[in-house]
Amino acid sequence: MALTTLDKNTALIVIDLQKGIVGLPAAHPIDDIIKHSCALLAAFRHRGLPVVLVNVTGVSPGRVEQSRHRGEFPPGWADLIPELDQQPQDHLVTKQTRGAFTGTDLDEYLKKQGVTQVVIVGVATSSGVESTARHAYENGFNVTLVSDAMTDRSLDEHTHSITRIFPRIAETGSTQDVIDLLARSA
């Protein structure tokens with residue numbers, strides 16, 4: 001389903017645009033993902049809408065078949081990239097799992113702000129973005145996923161999420177689609 005509308009009180013959630021992650025290989029140029037995410041940040045901030053910046057500092061403790069990082073991350077790894085220009089009114093969520101809701105105050109914060117819809121961007125499409133989107137949908141939020149403001153390490157995984165998973169839990173659109181809807185609702 002293509003993006004149709006934005007609720008009056010929609011929040012932007014930016015997933016894992018942090019120094020240690022944006023330097024990893026990606027299916028799409030990370031500079032484009034950052035540029036689109038920053039355009040959305042500017043549009044949301046201009047309208048006084050909630051902005052949530054998410055970083056990750058750990059991994060879930062369960063067993064998995066694929067190996068994953070189990071030690072300390074290098075200094076600065078979890079620092080948000082400076083292009084996000086974190087503002088005092090932005091809400092910071094530091095997560096220890098793939099999704100931004102588990103073990104954090106994100107649900108409570110959004111509900112306290114009266115948010116009914118979330119727009120989600122960032123990396124990785126099939127991991128942090130998808131996990132957060134699924135949880136938001138299950139918590140009753142309308143979910144919008146901005147396809148040109150996210151990427152993954154694998155193009156196949158990115159494409160699978162965009163074409164197979166997201167249509168079941170959200171509406172999708174481009175950065176410009178979201179900016180145009182925000183302008184119309186002003």
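## A first look at this predicted model

Let's start at a loop: aspartate 16 sits between strand E1 (10-15) and helix H1 (19-22). Keep in mind as you look around that this is a predicted model. Its sheet is open and built from six strands, paired in parallel and ordered E3-E2-E1-E4-E5-E6. Below you'll find the loop residues, then the sheet, then the helices.

**Around aspartate 16**

- Aspartate 16 isn't a glycine, yet its phi is positive, at about 55 degrees. For background, most residues other than glycine have a negative phi.
- With 5% relative accessibility, aspartate 16 counts as buried, since the cut-off for that word is under 20%.
- Which side chain does aspartate 16 join through a polar contact of 3.0 Å? That partner is lysine 95.
- Setting aside neighbours within four places in sequence, aspartate 16 touches Ile21, Val54, Asn55, Val56, Lys95 and Val123.

**Other loop spots worth a click**

- Aspartate 85 also has a positive phi without being a glycine, here about 50 degrees. You'll find aspartate 85 in the loop between strand E2 (51-56) and E3.
- Is aspartate 85 buried, partly exposed or exposed? At 46% relative accessibility, aspartate 85 counts as partly exposed, because that class runs between 20% and 50%.
- Threonine 97 belongs to the loop between E3 and helix H3 (106-112). Its relative accessibility is 18%, so threonine 97 counts as buried.
- The side chain of threonine 97 reaches the backbone oxygen of glycine 99, at 3.0 Å.
- Valine 123 and alanine 124 are joined by a cis peptide bond, with omega at about -10 degrees. As a rule, most peptide bonds are trans. Alanine 124 is placed in the loop between strand E4 (117-123) and H4.

- In general, strands of a sheet pair through backbone hydrogen bonds, either parallel or antiparallel.
- E4 and E5 pair in the parallel sense, over six bridges. One spot to look at is glycine 122, whose bridge partner in E5 is methionine 150.
- Strand E5 (residues 142-151) pairs with E6 as well, in the parallel sense and over three bridges. Threonine 144 stands opposite glutamate 171 in E6.
- Why is E5 largely enclosed by the rest of the structure? Because seven of its 10 residues are buried.

**Helices H4 and H5**

- For helix H4 (residues 125-138) and helix H5 (residues 155-169), the packing angle is about 5 degrees and the axes are 10 Å apart. H4 and H5 are therefore roughly parallel to each other, as angles under 35 degrees count that way.
- On the H4 side, the contact is made by Thr125, Ser126, Val129, Glu130, Ala133, Arg134 and Tyr137. H5 brings Glu157, His158, Ser161, Ile162, Ile165, Phe166, Arg168 and Ile169.
- How many residues of the H4 contact with H5 are nonpolar, polar and charged? They divide into seven nonpolar, four polar and four charged.

**Helix H6 and leucine 182**

- Helix H6 (residues 175-185) lies across E5 and E6 and runs at about 135 degrees to E5.
- Leucine 182 is part of helix H6, and at 2% relative accessibility leucine 182 counts as buried.
- Once neighbours within four places in sequence are left aside, leucine 182 is in contact with Leu6, Ala43, Phe44, Arg47 and Leu49.
- How do sequence and space line up for leucine 182 and alanine 43, and what are their separations? They are 139 residues apart in sequence, while their C-alpha atoms are 7.5 Å apart in space.

Technical notes
Residues are numbered from 1 along each chain as its sequence is written. This is a predicted model: local features need pLDDT of at least 70, side-chain atom pairs count only at pLDDT 80 or more; totals for chains, interfaces and linings use all residues. Side-chain values use heavy atoms; hydrogens and water are left out. Two strands pair if DSSP finds at least two bridges between them. Helices (H or I, at least four residues) and strands (E, at least two) are DSSP runs, numbered from the N terminus. Contact means heavy atoms within 4.5 Å. Axes are lines fitted to C-alpha atoms, for helices over the stretch in contact, and angles run from 0 to 180 degrees between N-to-C directions. Angles under 35 degrees count as roughly parallel, over 145 as roughly antiparallel, 65 to 115 as roughly perpendicular and the rest as oblique. Ala, Val, Leu, Ile, Met, Phe, Trp, Tyr, Cys and Pro count as nonpolar, Asp, Glu, Lys and Arg as charged, and the others, Gly among them, as polar. Buried means under 20% relative accessible area, exposed over 50%, partly exposed in between (1.4 Å probe, protein chains only). A polar contact is a pair of N or O atoms within 3.5 Å; within protein, one must be able to donate a hydrogen and the other to accept it, and residues adjacent in sequence count only if both atoms are side-chain atoms.
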